[in-house]
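Please read this briefing alongside the sequence and the model shown below.

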Amino acid sequence: MKKPKKTNLKVMKKAVSTEKIIVSGIVQGVGFRPTVWRIAQTLQLQGDVSNTGDGVVIHVKGSQQKINQFVQRIISYKPPLARIDNIERSDLISTYSFFESFTILASTKTSINTGVMADAATCKACFTEIFDTNNHRFQYPFTNCTHCGPRLSIIRNIPYDREQTSMANFLLCERCNDEYTTESNRRFHAQPNACINCGPQCSLVDKFGNKIAIENAISDVAQYLLAGKIIAIKGIGGFHLAALASNQQAVSTLRQRKCRPSKPFALMAKDSCMVEKYCLLLKNEKALLESPAAPIILLLKKKQQKKENKKLANNIAADQNTLGFMLPNSPLHHLLLNSIDEPIILTSANISHEPPCISNDTALDKLKDIADFFLLHNRDIENRVDDSVIRFINGAPQFLRRARGYAPQSIVLSSEFNEAPQILALGADIKNTFCLLKNGQAIISQHMGDLENYATYCDFRHNLTLYQRLFQHQPEHIAVDAHPEYSANKTGSEIALNQAVPLHTIQHHHAHIASCLAENNYRLNDKAVLGIVLDGLGYGEDKTLWGGEFLHANYEKSNRLAFFKPVALIGGTVAIKQPWRNLYAQLSTCLGWKWVKKHYNQTTLVNLLAEKPLKTLDAMLDKNINCPLTSSVGRLFDAVAAAVGLCFEHIEYEGQAAIALENKITKKAWKKAHFNFYPFSVSQGIVDSSPMWKALLKDISNAVSTADISAKFHKGLSLIIQDQTDELTKKHTIETVVLSGGVFQNKTLFEDVYNGLTTSGLCVLSHRHVSANDGGISLGQAVIVAARLIKENESKRE
Ligand SMILES: [Zn+2]
Ligand SMILES: [Zn+2]
């Protein structure tokens, strides 16, 4: 979050001062005016507050000391969902007519951009109400207020008014309407405001859609879950599938029905105390878990658990040292978790690679063979918003997936970007997001997933139209990846053609670096950095696939200084799913298969590979059929994992092999690896893994533990990256290094590289607000085009 700019605290002797204060940022539709009003009341100031197109405008009269205090308190006590980007103060000399007291002025609807907010988890006040037997919202699952509730998931159009959301069908009852229209009320202009008399209702149905319960729907679901049933539950941004986390059989059934053998499931717990029974929870992690965004956080499993704790099934996240936990993000979830009083699995309700279901009908149709019962409700989900996933690395949060609770929050760019035209960047095909650049702000969509899937692609088109409408965005330039086959690129070309605007292709890894620069507010004219980008695959300038790059880059351009030795991806995309192919390619390229066979004939690894159709593979390599070269470090991880028998045959999800490999490292092994790690060599800017493979094979044949092998690999890789960085930064007088790409979501590698480089005096930038993986690409594309256009304009003016 950006800190507000310092305000000019004026020192004036005048007894009574008058000021005009403009607060900009996320300040509308979040209960900002009532907060300002309350602060003014306590300080006994005169004046008024109103919403305008520029933000919240305050006219205030009082002693200078009190006005200063007033501004400080606005900063300190801003409403939970507000974000102050700037406060502008000026003297009010004109004969402004002040009221006797402090007033909230009605807003002129037309000029106001109330903004579109992210969905926010239930606030404390609403939480108290739903558990208060004396409150008329007792146990009402759709309770919300200005400080919480659904936003992006229910909006159809702007301005953000009830009629433009899926709450349009629910007419406010008298009591709710009073709240809605009373300025000092917590529900003043809370668009989804509702109560049991006028708002949405839950219903429990069986898999044929027959109604089973309405009044006790949630407590019935609790009973079914406790009895081992699988329930599809309609949440804020989509359906989830729920099962009791302590029930091994239920979890197995869910895995079987969902055809998801091993990918970890996310969990929901009633509160942080419950999470702490199973995981280590640091202060920052707890704060984020309990924040309005309420993301899933990957937390370190506790090795020892108290006996009185319900034991969690061991097939939730087998072979992982973390569990993904979230807290309830709506009253419905609070009520459910409170009735169950133990963690449940809550995983996105989708089949195969499709996006999660959002409508009741689709859920009943697509999930009928997975869920036993359905907890539905009649508030439509207009826009699909998946759960966000975060992992703390080096004590700071890093996004694995940025969606619910964050999108469509904008990212404020360095001020030079204010000059940029409106740009639409379409991102990468995997972990797709898109980005709208306008008025110096970048609006990044929620994570949508893999565009290869048709349903996801449809979601992408839906959101594209929605965002352009919500943010009144008319692209003057379009940015796409350089990959010739990305669906996002075809869409980009199509839009560019239809709207007759220029199309720009941006290199994938340059975009990774630029996204990191942008979110760190790196200035447009600051010195070029060394960007180290390690990821799966991205289309390179030389038409090979890159993924292990050292680029000298700024916003405008990048220059490849060094990279990992390219190795064939035998069979193309098949090799992404089958780690053994990468192992064979690495060994053939680095050491030669004959040599490996000759020296390590007795190893399991050689025996397993020998069973594969190696002759065909060799022929493909010889004739260069479907064997694109790649410098990908992601694939190197796959190969090393396969070598030690992890995910040898195939992987179920991206990064699985690398995660499995990292998880094998023990504290002891890591300590030892500081003195004994695998060597890499470098020649003319090409990092060669051959010495690493030689040492690794020797360890395998000597039955060295997987923990040690993994640790030695991670440490060796980290050190060669640091050595290379040291050499390149000296040679090119670079002071700042950027770490980006999905491989840096590896905690061990990231922390070791980051700490090593920082210790050696370099400034290291990493991702905090967007994902290090391809989810961040769209932001990078947008700022690169912006930078080039701004520079072009500057040179024209000269
Ligand atoms: Zn609330
Ligand atoms: Zn009502």
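This is a predicted model: local features need pLDDT of at least 70, side-chain atom pairs count only at pLDDT 80 or more; totals for chains, interfaces and linings use all residues.

Residues are numbered from 1 along each chain as its sequence is written, chains are lettered from A and ligands numbered from 1 in the order in which they are written, and side-chain values use heavy atoms, with hydrogens and water left out.

**The eleven-stranded sheet**

- Eleven strands make an open sheet with mixed pairing, in the order E7-E6-E14-E8-E9-E13-E10-E12-E11-E15-E16; helices (H or I, at least four residues) and strands (E, at least two) are DSSP runs numbered from the N terminus, and two strands pair if DSSP finds at least two bridges between them.
- Strand E7 (211–213) and strand E16 (396–401) are the edges, and each has a single partner strand, so one side of each is left without a neighbour in the sheet.
- From one strand to the next the twist averages 35°, where axes are lines fitted to C-alpha atoms, for helices over the stretch in contact, and angles run from 0 to 180 degrees between N-to-C directions.
- Strand E10 (residues 266–268) pairs with strand E13 (residues 344–348) in the antiparallel sense over two bridges, and Leu267 has Ile345 in E13 as its bridge partner.
- Helix H5 packs on this sheet, touching E6, E7, E8, E9, E13 and E14, and its direction makes about 40° with that of E6; contact here means heavy atoms within 4.5 Å.
- Helix H24 (residues 747–759) also packs on the sheet, where it touches E15 and E16, with its direction at about 45° to that of E15.

**The six-stranded sheet**

- A further open sheet has six strands in the order E17-E20-E19-E18-E21-E22, again with mixed pairing, and its edge strands, E17 (410–412) and E22 (503–506), each pair on one side only.
- Neighbouring strands of this sheet are turned by 20° against each other on average, direction ignored.
- E17 and strand E20 (residues 441–444) run antiparallel and are joined by three bridges, with Gln441 in E20 as the bridge partner of Val412.
- Helix H12 (residues 487–499) lies across E18, E21 and E22, running at about 160° to E21.

**Helix H1**

- The buried residues of helix H1 (residues 32–42) are Phe32, Arg33, Pro34, Thr35, Val36, Ile39 and Ala40, where buried means under 20% relative accessible area, exposed over 50% and partly exposed in between (1.4 Å probe, protein chains only).
- Their cover includes strands E1, E2, E3, E4 and E5 together with helix H2, and just after H1, Gln44 takes a positive phi of about 55°.

**Aromatic rings**

- The whole structure holds 18 aromatic pairs, counted for rings of Phe, Tyr and Trp (its six-membered ring) with centres within 6.5 Å, planes under 30 degrees apart being stacked, over 60 edge-to-face and the rest tilted.
- Among them, Tyr224 and Phe373 are stacked at 4.1 Å centre to centre with 20° between the planes, and this pair links H5 to strand E14 across 149 residues.
- Tyr224 is partly exposed at 24% relative accessible area, whereas Phe373 is buried at 13%.
- Phe434 and Tyr467 form an edge-to-face pair, 5.1 Å centre to centre and 85° between the planes; Phe434 is buried at 0% relative accessibility, and Tyr467 is buried at 0%.
- Ring pairs link Phe434, Tyr457, Phe460, Tyr467 and Phe471 into a cluster.
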